[in-house]
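Visitor: I'm new to this structure, and I'd like a close look at a single part of it. Could you pick a spot and walk me through what surrounds it?

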Amino acid sequence: MIVINSAASEIEPVFVDAETLENAVLDGLNLHRALLSKSKLKGASLVDANLRSAELDGAELSYANMSRTLLMNALFQQANLSFVNFQDSKPIGANFTGANLQNADLTRADVFAARFTDANLRGAIMLCERIEDSSFENAKFNDTTVWPEGFDPIAKGALRVE
């Protein structure tokens, strides 16, 4: 049994009947303000979950499915988000500083005011909504990164790398 605590004192802990969160099915759970920094969630399914203001700094989330997930103001600093499915999610105001988003799919994700400072965006699909309102200072991308037509990542501070 794993207990996921919240930073909000009025929210009850979530009990997950599992020995590990790797490949766990957490679809639709209310994990608002969950404390999951440095957690191992590789391959986990968080479809339609509520992770608003969750702390996921340094977490291992590669290959996770976070489609349609509420991620407003979530913290993903230094997290491994490679190959994560963020389709139709809402990382509004999320902090991806230093995160590895290599080959992540953010198709239709609403990234208004999200911070991708120093993030690895190589091979990511960045066909996001409101991308022009996000920050990309020193984010690294390559020729396989997909951007919306007309969006200039270099003008936003991103760096093209090999």
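**The cavity and the core**

Guide: Let's start with the lining of the largest cavity, which by class has five nonpolar, four polar and one charged residues. Keep in mind that this is a predicted model. The residues lining that cavity are Ile-4, Asn-5, Ser-6, Ile-11, Glu-12, Val-14, Asn-30, Leu-31, His-32 and Ala-34. Its volume is about 30 Å³, and the count of cavities of 30 Å³ or more comes to one.

Now over to the largest nonpolar core, which has 50 residues. Phe-76, Leu-101, Phe-116 and Leu-121 are the members that touch the most others in it. As for elements, β1 (2–4) and β2 each give two or more residues to this core.

Take Phe-76 from that group. Leaving out residues up to four places away in sequence, Phe-76 touches Leu-56, Asp-57, Leu-61, Met-66, Leu-71, Leu-81, Ala-94, Asn-95, Phe-96, Thr-97 and Ala-99.

Hold on to Ala-94 and Phe-96, because both turn up again among the contacts of Ala-114, along with Pro-91, Gly-93, Ser-134 and Ser-135, once neighbours within four places in sequence are set aside. Where does Ala-114 sit? You'll find Ala-114 in the loop between β2 (14–16) and β3 (140–141). Ala-114 has a relative accessible area of 1%, so it counts as buried, the cut-off being under 20%.

Methods
Residues numbered from 1 in each chain as written. Predicted model: local features only at pLDDT ≥ 70, side-chain atom pairs only at ≥ 80, totals over all residues. Heavy atoms only, no water. Helix = DSSP H or I, 4+ residues; strand = E, 2+ residues; numbered from the N terminus. Buried < 20%, exposed > 50% of the residue type's maximum accessible area, 1.4 Å probe, protein only. Contact = heavy atoms within 4.5 Å. 1 Å grid on protein atoms, 1.4 Å probe; cavity = no way out; pocket = protein on both sides within 12 Å on 5 of 7 lines; lining within 4 Å. Points joined across faces, edges and corners; volume = space filled by probe spheres on them. Nonpolar A, V, L, I, M, F, W, Y, C, P; charged D, E, K, R; others polar. Core = buried A, V, L, I, M, F, W, Y, C linked by side-chain atoms within 4.5 Å.
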